[in-house]
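Subject: Structure handover

Hello,

Please find the structure below. My notes on it come after.

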Amino acid sequence: MEEIYLLRNAITFNPTGKKHNAIAKIATLKEIKQHKEFFTFNFELNFKNGIVYKIIKEGDEDMIQGLVSLKPDIGILDCGNMEKNKINKSPLLIHSGLGKCMIALCCKISIDMGFDGYITFESKNRLMPYYSRYGAKRTSGLRMFIDNVGAKKLVENYF
């Protein structure tokens with residue numbers, strides 16, 4: 001498994017419409033603590049129980065644009081939490097494209113771990129249609145997964 005990923009033209013700077021590459025790296029506990037005011041989920045807890053990746057805009061290493069927590073399971077990668085920085089949520093929306101970027105990252109890491117791109121995650125009710133656009137299917141309750149077919153499409157877009 002790589003520790004640094006480059007996602008091509010992954011995020012859009014909304015004021016100009018310009019697309020930027022994103023870089024995904026494993027976050028340190030210090031970085032998570034420094035940015036915790038920008039996120040709702042407790043990524044410090046996720047850090048203790050798995051791996052947390054940060055998404056940054058290429059050329060702007062100081063601001064974490066999104067965080068994703070991951071935990072390998074039997075044959076699948078569990079994506080515990082995925083969250084955009086609050087500056088990338090309504091009403092601000094400084095950058096867009098982070099949601100799809102984070103899903104693609106999870107799929108790529110799943111492939112690199114030998115899980116063929118399979119990921120699973122908990123969704124909010126209102127986000128289920130959003131995830132479905134990228135190939136996610138509902139298993140039970142709010143639990144969803146993306147299989148190797150959906151993963152391949154996402155990975156081809158960014159890697």
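Predicted model: local features only at pLDDT ≥ 70, side-chain atom pairs only at ≥ 80, totals over all residues.

Residues are numbered from 1 along each chain as its sequence is written, and side-chain values use heavy atoms, with hydrogens and water left out.

The whole chain

The protein chain has 5 helices and 9 strands; helices (H or I, at least four residues) and strands (E, at least two) are DSSP runs, numbered from the N terminus. Read from the N terminus, the order of elements is β-β-α-α-β-β-β-β-α-β-α-β-β-α. The chain is as compact as a globular protein of its length, because its radius of gyration is 14 Å, close to the 15 Å from the globule rule for 159 residues. That radius is taken over C-alpha atoms, and the rule is 2.2 Å times the number of residues to the power 0.38. Along the principal axes, the C-alpha atoms fill a box of roughly 35 × 35 × 30 Å.

Of the 159 residues, 45% are buried. Buried means under 20% relative accessible area, exposed over 50%, and partly exposed in between (1.4 Å probe, protein chains only). Among contacts with a separation of 6 or more, 56% are between residues 24 or more positions apart; a contact means heavy atoms within 4.5 Å.

Helix H3

How far apart are the end C-alpha atoms of helix H3? They are 21 Å apart, which agrees with the 21 Å that its 15 residues (98-112) should span at 1.5 Å a residue. The expected span is 1.5 Å times one less than the number of residues. Helix H3 is mostly covered, with 12 of its 15 residues buried. Among them are Leu98, Cys101, Ile103, Leu105 and Lys108. Just after H3, Gly114 has a positive phi of about 90 degrees.

Phe41

Phe41 lies in the loop between helix H1 (29-35) and helix H2 (43-49). Apart from neighbours within four places in sequence, Phe41 is in contact with Asn81, Met82 and Glu83. The C-alpha atoms of Phe41 and Ser123 are 13 Å apart, and these residues are 82 residues apart along the chain.

Regards
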